[in-house]
Amino acid sequence: MSLDITTERDASSSEESRQWTARVRNAAATAFPPDRLLPDRQPAYMASWIYVFGVLTVVSLAWVIITGCVLAVMGPSWWHVSGLGHFVNSLHLWSVEFFFFFMVIHLWGKFFMAAWRGNRKLTWATGVVSFVASIAAAFTGYLSQANFDSQWISTQAKDGINSTGAGAFWNVLNFGQMLMWHIVLLPIAVVIIAGLHVLMVRRRGIVPPFDIEPKDHGDTPSAAEPSE
Amino acid sequence: MSPRKAKRFNPDRDVREWNGAYRPYDILKEAFVALVAVGVLIVLLAVVFSSPDEPAVTLKSWSTSDPVDFAQTAVTELDGTSPLATYGPPYNSTPDVTQHIGFFEPAQWIGVHQPINTAQDFVIGPLRSLSNQPLVQRALDTYDSSTPTQQSAWTTAYEKAVANATDVHGRLQVPHAQSGPVGVIIGSLTTMAQNGGLDGTLLSQGQFYNTNYTKPLLFIANGSYLNNLAGAQHLQGTQWGMMNETGNYPGQAWLWLYTMWYQVPPMKTSTNADLEVWAIMMALTVVLILLPFIPVLRSIPRWSRVYRLIWRQHYRSLA
Amino acid sequence: MSFGVLIAALINLNGSGHYLHWGFVQISVANLVVILLMIAVFVLAILLPFPRRKGRDR
């Protein structure tokens, strides 16, 4: 565990060390020193194209949000009445398709690497939760299309959701409610969860390979962290 | 660095700290290149394939294209025998219809929070809003002031007759039946729908701004028209429709496992299929989240040896 | 708007979809293409050599 410089400097002030601000800052700086948050090097074993699918997923999400913002500028009916609007809708649809395409390949890669090893269970868990949250966001997106597809999807999905009791409050037939979940609540949730996921990756580092030679192992497993 | 407690090394759970070499790796440059590359791909696909936009069905388009189906649906809303009228929570209190797994019956516990009275909301209320329609208002008065038994006799007779109704240039022609005022009621509602008035009335619910399409959507969904359009596009449940998109567009391939359960026994024929499939998918999601803790499953990556390909440069450098 | 006229789909994916039936499975050609592409890209990602810089390590 690295010591952070900030606590050394401020250790004399017991008043400041009780502050929420100081404590949060020190905890963040301890967990994410700059060269861990934005490293300029990676372990030599990170030498496969499978490793790019995480960043491909993140940039696809960026395009989903950017194109979604453009659609938001003109409102939910725009793409039905404007050729430009329809084109932007197409960009939004295909960025979602790429988002899931890359995310699933990323999931496959991380599974076959057993990337949860070495105290990385939370990294794995936040990844799965962001997958689920993304499905919910995509689902409300389909409801927000305001066309035949939305009508069919909402009237079918209502049965599944009603069976759980959630349909009493989360009404997929309520266009206004679903649109606001799609453009406000779920994007915030996806970005926060995906952000935590990326921070976890930075915190723990990329999982090392499986050992393949029998060694005289000690009984001290530990999380792998870049040696500083 | 000492561990908190000595644990036996488990290769599916633990790793050894990496003390080996590092390589320069520019993650921001990689992200920028990825952003541009994916952006180019998205523009390419949008230009080549565009996106689907099948126009929405309206009560007007439905009643114009298939007035017989509209009328058949409308009379079941009036007499309370439609799928919606007998749905139960969250729309109404029909007993013994909510889905359950054993004693677990969440929809029943949570109850009615989106109340809909199909006779009033879909038929009588909209027709009452019409002005200068004395014939319609008299028919409604006659219906309202009759006993439930009489009302049922009329609607039953109408249902039998409308099964043989025809569509003559968009006008509903129903064989004569002892249906009292019901013929005028349903006929007027059909005309109101064909004129576009029913869409507005059902949506607005007396408000100017309304974005809640619950009532018009549920009315449309009760008929066969929307269902037939969906079937033609392979969107129905038995067609694995949850995965599909209209036309030849790719849909939601990631929903394959969710819809698959509906195609297999016992969910295939179960009246509790929705709740059962939800429960299965929630359980599988929890399993996926907790995979790092689950023996055997978490060993599959090591047993499959796919990692030998992923890290082959590393293993070669060790040799 | 003329932009809309210019940006019409080069390949029209509207119209009746093509579906494959295999036992109890029904899948659209489009979805099958996407899934096969995903598998192909995954396999390529694992198999294609990753460029190494000479004199790399420290």
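Modeller: In this predicted model, T246(B) touches D149(A), P52(B), E54(B) and Q233(B), leaving aside residues up to four places away in sequence. T246(B) itself sits in the loop between α11 (224-232) and α12 (256-260) of chain B.

Colleague: Why is T246(B) called buried?

Modeller: A residue is called buried if 20 or more other C-beta atoms lie within 10 Å of its own, and T246(B) has 24 C-beta neighbours inside 10 Å, so T246(B) counts as buried. Buried residues make up 36% of the 319 residues in chain B.

Colleague: What is the radius of gyration of chain B, and what would a compact globule of 319 residues have?

Modeller: Chain B has 29 Å, whereas a compact globule of 319 residues would have a radius of gyration near 20 Å. The C-alpha trace of chain B spans about 95 × 50 × 35 Å along its principal axes.

Colleague: How many residues of chain B are in contact with chain C, and what makes a pair of residues count as a contact?

Modeller: Two residues are in contact if their C-beta atoms lie within 7 Å, and by that rule 25 residues of chain B are in contact with 27 residues of chain C. The elements that give two or more residues to this side of chain B are β1 (22-24), α1 (27-49) and α15 (307-310) of chain B, and the largest share, three residues, comes from α1(B). By residue type, the side of chain B that touches chain C divides into 14 nonpolar, 10 polar and one charged.

Technical notes:
Residues numbered from 1 in each chain as written. Chains lettered and ligands numbered in written order. Predicted model: local features only at pLDDT ≥ 70, side-chain atom pairs only at ≥ 80, totals over all residues. Rg over C-alpha atoms; globule rule 2.2 N^0.38 Å. Buried ≥ 20, exposed ≤ 12 C-beta atoms within 10 Å, placed from the backbone. Helix = DSSP H or I, 4+ residues; strand = E, 2+ residues; numbered from the N terminus. Nonpolar A, V, L, I, M, F, W, Y, C, P; charged D, E, K, R; others polar.
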